[in-house]
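Keep the sequence and the 3D view side by side.

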Amino acid sequence: MGKKKEFALEKKLDHVAFIMDGNGRWANLRGLPRYLGHREAINRLRDIIDACREFNIKVMSFYAFSTENWNRPQDEIDHLMDYLEEYFVKEIDYYDSIGARLQISGDINRLRPSTRKACIDAYERTKNNQNFVVNVCLNYGGRDDIVHACKLICQEVKEGKTDIENIDEPYFAEHLYTHGLPDVDLMIRTSGEVRLSNYLLWQNAYAEFVFTDVKWPDFNRKAFIDCLIEFQKRKRRYGGLKNG
Ligand code: IPE
Ligand code: IPE
Ligand code: MG
């Protein structure tokens, strides 16, 4: 019997973005408190980052906490922030070892001081790494991102640093939290929900969407490859007629 052919990614994929959803349901199904779903979720990141390295995907975005997630009970928010802080401290050596740079998208000023500090420290430690970008969306909302960019640009116009005529799509994109990153090629949401939940609204304009029923704490290399296989089948036309 022939050896099963390993998956090879043959389509251009510069940026994959994940909505890591289903942690609470994963825990509930096991009779555990929701926060243990979040703890397990953090443990999946390294495998997924390694898979991206394997397939030479240079930019990964992870939706960690939305501007709407402040509506959750304080106890759950506290656990989430605890795990994120722990992650930023624990994983920084690994980021360095693979040449990954951490980018944070979202307004970190609203975070508690210890979480903000963990973000800034990890960002500073990794800012010169050049092989990969791990973009963690934290207190992130797509609408907030766009309003924030508008404010930055208005300020520049007000101070005479630019003219309204200079504002085009690339200029606008450079004022988003994701500045410097390419548009999203593939957006994956776990747990069976089929919506964007205010995620990277501008950046996902021409992304392919793949929705999987797998809950994030169960999302592993194999589940990711299943999404990549689906992505590989898509015809990307960008409004034209070519089947890219
Ligand atoms: C996603 O899992 C993580 C965050 C939103 C922070 P959920 O906590 O939304 O899990 P479900 O959707 O309730 O199962
Ligand atoms: C989106 O998941 C946010 C994150 C994964 C961080 P939610 O679980 O918060 O989204 P809704 O409430 O189902 O839309
Ligand atoms: Mg959810």
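The paragraphs below cover the strands, the core, a helix, a tryptophan and the ligand.

This is a predicted model: local features need pLDDT of at least 70, side-chain atom pairs count only at pLDDT 80 or more, and totals for chains, interfaces and linings use all residues. Residues are numbered from 1 along each chain as its sequence is written, chains are lettered from A and ligands numbered from 1 in the order in which they are written, and side-chain values use heavy atoms, without hydrogens and water.

Start with strand β4, residues 132-140. Helices (H or I, at least four residues) and strands (E, at least two) are DSSP runs, numbered from the N terminus. In β4, 9 of 9 residues are buried, buried meaning under 20% relative accessible area (1.4 Å probe, protein chains only). Strands pair if DSSP finds at least two bridges between them. β2 runs parallel to β4 over 7 bridges, and Tyr 63 has Cys 137 as its bridge partner. Strand β3 (residues 100-105) is also parallel to β4, joined by 6 bridges. There, Gln 103 stands opposite Asn 135.

Now the core. A nonpolar core is a set of buried Ala, Val, Leu, Ile, Met, Phe, Trp, Tyr and Cys residues joined through side-chain atoms within 4.5 Å. The largest has 54 residues, and those with the most contacts inside it include Val 16, Phe 88 and Phe 224. Helix α4 (residues 74-98) supplies the largest share, 11 residues. Apart from this core lies another, of 11 residues, including Ala 17 and Tyr 140. Which residues does Phe 224 touch, beyond those up to four places away in sequence? Among them are Val 16, Phe 18, Ile 48 and Phe 219; contact means heavy atoms within 4.5 Å.

Helix α2 spans residues 34-42. Its buried residues are Leu 36, Gly 37, His 38, Ala 41 and Ile 42. Their cover includes α1, α3 and α4.

Trp 70 sits in the loop between β2 and α4. Beyond its neighbours within four places in sequence, its contacts include Phe 65, Met 81 and Asn 139. The side chains of Trp 70 and Asn 139 make a polar contact at 2.9 Å. Such a contact is a pair of N or O atoms within 3.5 Å; within protein, one must be able to donate a hydrogen and the other to accept it, and residues adjacent in sequence count only if both atoms are side-chain atoms.

Last, ligand 1. 13 residues surround ligand 1, each with a heavy atom within 4 Å. A backbone N or O atom of Arg 25 lies 2.7 Å from a ligand 1 oxygen. For Gly 24, the corresponding backbone distance is 2.9 Å. Arg 34 uses a side-chain N or O atom, 2.8 Å from an oxygen of ligand 1.

Definitions and conventions:
Buried < 20%, exposed > 50% of the residue type's maximum accessible area, 1.4 Å probe, protein only.
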